Amino acid sequence: MNTISWEKDANGCSAIAKQSKDRKFISPTASASLVKGLMHEVINISASFSENDVIVFSRVAGISAMDEKSAAFYGLYVSSGIADGPNYCIRRCSWSRGFGFIEDVLKGFSAQTMFFDFNALPFELREIVERVDSSSKDEYQIFSQPASDGRFIGKHICYFVADDLKDLSCTYSGKSSSNPSVEKLFDELGIVFDSISVEGAILPVVDSFRISYAFQHVAEVLTHE
């Protein structure tokens, strides 16, 4: 059984996937593209929380901020259907930027997923999750002005927001563009992740944690016949 070493749940257990069959040298641009795919192109996350059930979580919103030295990402995912167990999960990724062989690039990448029950959250965290999950996609249009928060001015911002009807995905440079709603999203998802990591996430059944990528480059890197 192969595992994805950088994808872990709250208990530190790795997700499962096929691994690359060969070593490839990739440029800084290709390295950043690969990592962006690893962050953003998760189409669903699944895990079991009892012997007879699997819960699948789909995309709600995600945002990454990348500069010349590092990158960070937060993503929120909601369960499909009605099942006992967690109804949301939140994922955090980080990367110490570098390039070389793919294996070396991935050594600087890490990700962790926390599963949780919305109804068990404190009121202030429920407000954040509910607002993110029900937000109008029109809130996330980009303005042609420098980022309102100085922390984002030197970074490339990439984000997605999704619902049953549509999926909005955009990228902008904090030097020339901004969106206060997007920048607020990064901070709020960080608050939720940090709070759940302290208060305790719902742990999946061992070896049941799965990640599915849509990004073709990721599939080429991780899988083989």
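User: Let's start with R126: what does R126 count as, going by its relative accessibility?

Analyst: R126 counts as partly exposed, because its relative accessibility is 27% and that class runs between the 20% and 50% cut-offs. Keep in mind that this is a predicted model. As for its place, R126 sits in helix 3.

User: Which residues does R126 contact, once its neighbours within four places in sequence are left aside?

Analyst: Those contacts are F118, N119 and L121.

User: Helix 3 has come up, so how do I read the packing of two helices?

Analyst: Two packed helices are described by the angle between their axes and the distance between the axes. Here, take helix 3 (residues 123-134) and helix 4 (residues 180-199): the angle is about 135 degrees and the axes are 10 Å apart. That angle makes helix 3 oblique to helix 4. The crossing of the pair is left-handed.

User: Which residues of helix 3 and helix 4 meet?

Analyst: From helix 3 come L125, I128, V129, R131 and V132, and they meet K184, L185, E188, L189, I191, V192 and S195 of helix 4. Sorted by class, this contact has 8 nonpolar, 1 polar and 3 charged residues.

User: What about S197, where is it placed?

Analyst: S197 is in helix 4. It counts as partly exposed because its relative accessible area is 37%. S197 and M114 are 83 residues apart along the chain, yet 7.3 Å separates their C-alpha atoms.

User: How do I check the length of a helix, say helix 1?

Analyst: Helix 1 covers residues 28-40, and at 1.5 Å a residue its 13 residues should span 18 Å. The C-alpha atoms at its ends are 18 Å apart, so the two values agree. As for burial, the buried residues of helix 1 are S31, A32, L34, V35, G37, L38, M39 and H40.

User: Can we do a couple of strand residues too?

Analyst: V56 lies in strand 5 (residues 53-66) and counts as partly exposed because its relative accessibility is 33%. Setting aside neighbours within four places in sequence, V56 touches N44, I45, S46, V78, S79 and S80. From V56 to N87 it is 31 residues in sequence and 9.2 Å in space, C-alpha to C-alpha.

Analyst: Now strand 11 (residues 167-173), where you'll find L168. L168 is buried, because its relative accessible area is 19% and the cut-off is under 20%. L168 and A61 are 107 residues apart along the chain, with 9.3 Å between their C-alpha atoms.

User: And what should I look for in backbone angles?

Analyst: Most residues other than glycine have a negative phi, and most peptide bonds are trans. In this model, D207 has a positive phi of about 70 degrees although it isn't a glycine. D207 lies in the loop between helix 4 and strand 12 (210-213), and counts as partly exposed because its relative accessibility is 44%.

User: Stepping back, how many helices and strands does the chain have?

Analyst: The chain has 5 helices and 12 strands. Of its 225 residues, 47% count as buried. Among contacts with a separation of 6 or more, 68% are between residues 24 or more positions apart.

Technical notes: Residues are numbered from 1 along each chain as its sequence is written. This is a predicted model: local features need pLDDT of at least 70, side-chain atom pairs count only at pLDDT 80 or more; totals for chains, interfaces and linings use all residues. Side-chain values use heavy atoms; hydrogens and water are left out. Axes are lines fitted to C-alpha atoms, for helices over the stretch in contact, and angles run from 0 to 180 degrees between N-to-C directions. Helices (H or I, at least four residues) and strands (E, at least two) are DSSP runs, numbered from the N terminus. Angles under 35 degrees count as roughly parallel, over 145 as roughly antiparallel, 65 to 115 as roughly perpendicular and the rest as oblique. A crossing is left-handed if the near helix is turned anticlockwise from the far one by less than a right angle, and right-handed if clockwise. Contact means heavy atoms within 4.5 Å. Ala, Val, Leu, Ile, Met, Phe, Trp, Tyr, Cys and Pro count as nonpolar, Asp, Glu, Lys and Arg as charged, and the others, Gly among them, as polar. The expected span of a helix is 1.5 Å times one less than its number of residues. Buried means under 20% relative accessible area, exposed over 50%, partly exposed in between (1.4 Å probe, protein chains only).
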